[in-house]
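The sequence and structure come next, followed by the terms and the description.

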Amino acid sequence: MSDEAVDPPVMPSADPLLDVERVAALRVVRQSTSQPPARVALRSTVIDRLIGAQSLLPREFRLLVVVGYACPYPADHRAGGAVDLGVQVDGGVETSSWPATAPPGWDTVAAALTAAGLVFPADAWWHWYPAIR
Ligand SMILES: [Zn+2]
């Protein structure tokens, strides 16, 4: 089975790929084990929806963008159309690694992301991409 059969839809290439670190509403946290990329980038549609989700969250919740555009990842990451997320709650410990189960409070985060037009696959709570509307 090819990757194309299981990957979610990829954002149109006309959607600009933007540097997430220039977006004040979002915070970038790189995985400590990964080689730092030159920048963390996402398609503008994804950034817009993350900003929308962040605005829906209680003040103590901060979305963490861990992986955006990335070469050795599934096709939606290679296109900048998917994001791997963590969350920081009340300035506490950052959750930027992905255990099998979502961290406490993730239901609140997931509800905001869903309301902002993002979806995730059943087997990866951290991986989000735009719902087709
Ligand atoms: Zn992912």
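## Terms and model

A residue is called buried if 20 or more other C-beta atoms lie within 10 Å of its own, exposed if 12 or fewer do, and partly exposed in between, with the C-beta atoms placed from the backbone. Helices (H or I, at least four residues) and strands (E, at least two) are DSSP runs, numbered from the N terminus. Residue numbers start from 1 along each chain as its sequence is written. The model is predicted, so local features need pLDDT of at least 70 and side-chain atom pairs count only at pLDDT 80 or more, whereas totals for chains, interfaces and linings use all residues.

The protein chain averages a pLDDT (the predictor's confidence in each residue, from 0 to 100) of 83, and 80% of the residues score at least 70. Over residues 1-6, pLDDT stays under 50, and the model has four contacts beyond four places in sequence for this stretch; two residues are in contact if their C-beta atoms, placed from the backbone, lie within 7 Å.

## Overall fold

Four helices and eight strands make up the secondary structure of the protein chain, and along the sequence they follow the pattern α-β-β-β-α-β-α-β-β-α-β-β. Of its 133 residues, 32% count as buried. Among contacts between residues at least 6 apart in sequence, 64% join residues at least 24 apart.

Helix α4 (residues 106-115) has V109, A112 and L113 as its buried residues. They cover an arc of only 100 degrees around the axis, and therefore lie on the same side of α4; the arc is that of the directions from the helix axis to the C-beta atoms. The exposed residues D107 and A115 are carried by the face of α4 turned away from its buried side. The cover over the buried residues of α4 includes α2 (44-56), β4, β5, β7 (118-119) and β8. After α4 comes G117, with a positive phi near 95 degrees.

Helix α2 has 13 residues and reaches 19 Å from its first C-alpha to its last, close to the 18 Å expected at 1.5 Å a residue, where the expected span is 1.5 Å times one less than the number of residues. In α2, the residues V46, I47, R49, L50 and A53 are buried. Because they cover an arc of only 165 degrees around the axis, they are on the same side of α2.

## Strand pairing

Two strands are taken to pair if DSSP finds at least two bridges between them. Strand β4 (residues 61-67) pairs with strand β5 (residues 83-89) in the antiparallel sense over six bridges, and R62 has Q88 in β5 as its bridge partner. Strand β5 also pairs in the antiparallel sense with strand β8 (residues 127-130), over two bridges; here V83 has W128 in β8 as its bridge partner, while D84 stands opposite H127.

Strands β7 and β8 run antiparallel and are joined by two bridges, with V119 opposite Y129 in β8. From β8, H127 and Y129 point one way and W128 and P130 the other way, and all of these are buried.

## The nonpolar core

A nonpolar core is a set of buried Ala, Val, Leu, Ile, Met, Phe, Trp, Tyr and Cys residues joined through C-beta atoms within 7 Å. Of the 28 residues in the largest such core, L42, V65, V83, L85 and W128 touch the most other members. The elements that give two or more residues to this core are β3 (41-43), α2, β4, β5, α4 and β8. Leaving aside residues up to four places away in sequence, V83 touches L42, V46, L50, V65, V67, G68 and W128.

## Two contrasting sites

D76 has its place in helix α3 (residues 75-78). Is D76 buried or exposed? D76 is buried, because 22 other C-beta atoms lie within 10 Å. Although D76 and W128 are 52 residues apart in sequence, they are 9.8 Å apart in space, C-alpha to C-alpha.

P104, found in the loop between β6 (94-95) and α4, is exposed, because it has 10 other C-beta atoms within 10 Å. From P104 to V87 there are 17 residues in sequence and 9.7 Å in space, C-alpha to C-alpha.
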